[in-house]
Amino acid sequence: MTNRIYVGLALVAGSLVAAPAGAQGGVSDSLAVRLRRAEAAIEVLQKQLSEQADQGVKSRSRVDVEIFGRVLMNGFANSRRVNNVDNPQFVRPDTIAGFPSRGAGMAIRHTRLGLLMRVPEVWGGSFTGDIEADFSGGQQPSSGGRTFPLLRLRTARGVIRWSNAELLVGQESPLVSGLNPVSPTAVGTPLFAASGNLWLWLPQVRFGVEAGGRFRVGFQAAVLAPTSGDAAGVFDTDNDLAERSSRPYLQDRVYARWGTELVREVGCGYHIGWLAPTTTSALVQSDAITCDASLPVVEWLELRGEVFSGDAVRGLGGGGIGQNLTAANAAIPTQGGWAQINLRPTSTWRLGGGCGTDQPDQVGARRRNDSCAGYAIVRPGGPMFLGVEYRRIRTSYAVTRFSNDHVTFAVGFEF
């Protein structure tokens, strides 16, 4: 429709400019007739443009809404027993010594759906609101298993941006660890979770300011929902260890950003929170220092990664390999990080690889977790894409360690 309208406008403009050689002597070819024809044609085109605009999806407040998403089906295989077969984060001990629980399967629950809206003028700035969900919220307790996945909220954000400031309200990654590795299939939980990637989406209020020109520096601060990362019940939920402290999580971050076409950014942040174990009235502190970097070297080469060191950071999404406290309710110290290199040799190909590690002190059940992964993504045309990823995970326990080879193939389309 839009292309036909543009062609029509071009024809109208051409009719006003071009005149045949014999136009001067004929009344039908006079300038007045041409103007009347052009006005009629423009009126028709304006009506078509108005009708096309009305066909867009609008909210109740008459704001344009954009629908986006990705339908993703992946086949997977594992050589050993893991915590999550279609997107594993660590290896579990074998249920029978010497008998690894290998297997293969298929899933479609990493499909994502979202809505986006923009308002150009709110409080003197521009407003963007979006919400995104996937189907990684577990599965119905039935014979269907993973073929009956549950819808899960990922992020929901309202952001107002001014020239040198930003306000965010909603659910988003932690301020101190907002970067994730690239992966064709690690959707429900980002790649390298429990191997150095702190990622868990949390309700929060975030504000930031920045200054500078081509080289900019900024400061951000956030108040986040407290969470210990403990599993919740199906319907009835109770306060977890972090909520029992009656204190929010607090985070801040400083960063530097430079570049125009290739935007590079490095930053460091600090996290603090509190846990209230059941058996003691004293609060246990959760804290961490983090640093991250996103560094596109050239158009086809990018480096990215994060590092952290802290105590009792399971609530941020896997720190301490999913462990907060010792048996004596002391915070488990841990340190970790991940790094990845990404290549885009052509407009249709993307590939890369990286590794991550989480190394808590030798006091928890899981002592160390290492992951390395390589991937390739191809877009053969239109909305279709294909992907493949190989992941090697090694988890150490007090007595021994186990390794898992995870291979996954993905096919899907985006809209």
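Residues are numbered from 1 along each chain as its sequence is written, and side-chain values use heavy atoms, with hydrogens and water left out. Because the model is predicted, local features need pLDDT of at least 70 and side-chain atom pairs count only at pLDDT 80 or more, while totals for chains, interfaces and linings use all residues.

A disulfide is a covalent bond between the sulfur atoms of two cysteines. With a disulfide taken as a pair of cysteine sulfur atoms within 2.5 Å, the count comes to two. One of them joins Cys 268 to Cys 291, with an S to S distance of 2.1 Å. The link of Cys 268 and Cys 291 has 100° about the S-S bond and is right-handed. This pair connects distant parts of the chain, as Cys 268 lies in strand β10 (residues 264–275) and Cys 291 in strand β11 (residues 284–298), 23 residues apart. Strands here are DSSP runs (E, at least two residues), numbered from the N terminus. Relative accessible area sorts residues into buried (under 20%), exposed (over 50%) and partly exposed in between, using a 1.4 Å probe and protein chains only. Cys 268 is partly exposed at 34%, and Cys 291 is partly exposed at 27%.

The other disulfide joins Cys 355 to Cys 372, at 2.0 Å from S to S. Its torsion about the S-S bond is about 110°, so the link of Cys 355 and Cys 372 is right-handed. Distant parts of the chain are again linked, with Cys 355 in strand β14 (residues 349–360) and Cys 372 in strand β15 (residues 366–381), 17 residues apart. Cys 355 is partly exposed at 39% relative accessible area, and Cys 372 is partly exposed at 33%. When the bonded cysteines of the protein chain are numbered in sequence order, the pairing reads 1-2, 3-4.

The aromatic side chains come next. Rings of Phe, Tyr and Trp (its six-membered ring) pair if their centres lie within 6.5 Å; planes under 30 degrees apart count as stacked, over 60 as edge-to-face and the rest as tilted. The structure holds five aromatic pairs. In one of them, the ring centres of Trp 199 and Trp 201 are 5.0 Å apart and the planes stand at 80°, so the pair is edge-to-face. Both partners are buried: Trp 199 has a relative accessible area of 9%, and Trp 201 has 11%.

Charged groups also meet aromatic faces, where a charge sits over a ring if NZ of Lys or CZ of Arg is within 6 Å of the ring centre and within 35 degrees of the ring normal. Arg 70 lies over the face of Phe 385, 4.4 Å from the ring centre, and Arg 247 lies over the face of Trp 274, 5.1 Å from the ring centre.

Elsewhere, Phe 215 belongs to strand β8 (residues 215–224) and is partly exposed, at 48% relative accessible area. Phe 215 and Arg 257 are 42 residues apart in sequence, with 6.0 Å between their C-alpha atoms.

Finally, the largest cavity has a volume of about 50 Å³. A cavity is a set of points, on a 1 Å grid over the protein atoms alone, where a 1.4 Å probe fits but cannot get out, and lining residues have an atom within 4 Å of a point. Among the residues lining the largest cavity are Asn 87, Pro 88, Phe 192, Ser 371 and Arg 391.

How values were computed:
1 Å grid on protein atoms, 1.4 Å probe; cavity = no way out; pocket = protein on both sides within 12 Å on 5 of 7 lines; lining within 4 Å. Points joined across faces, edges and corners; volume = space filled by probe spheres on them. Helix = DSSP H or I, 4+ residues; strand = E, 2+ residues; numbered from the N terminus.
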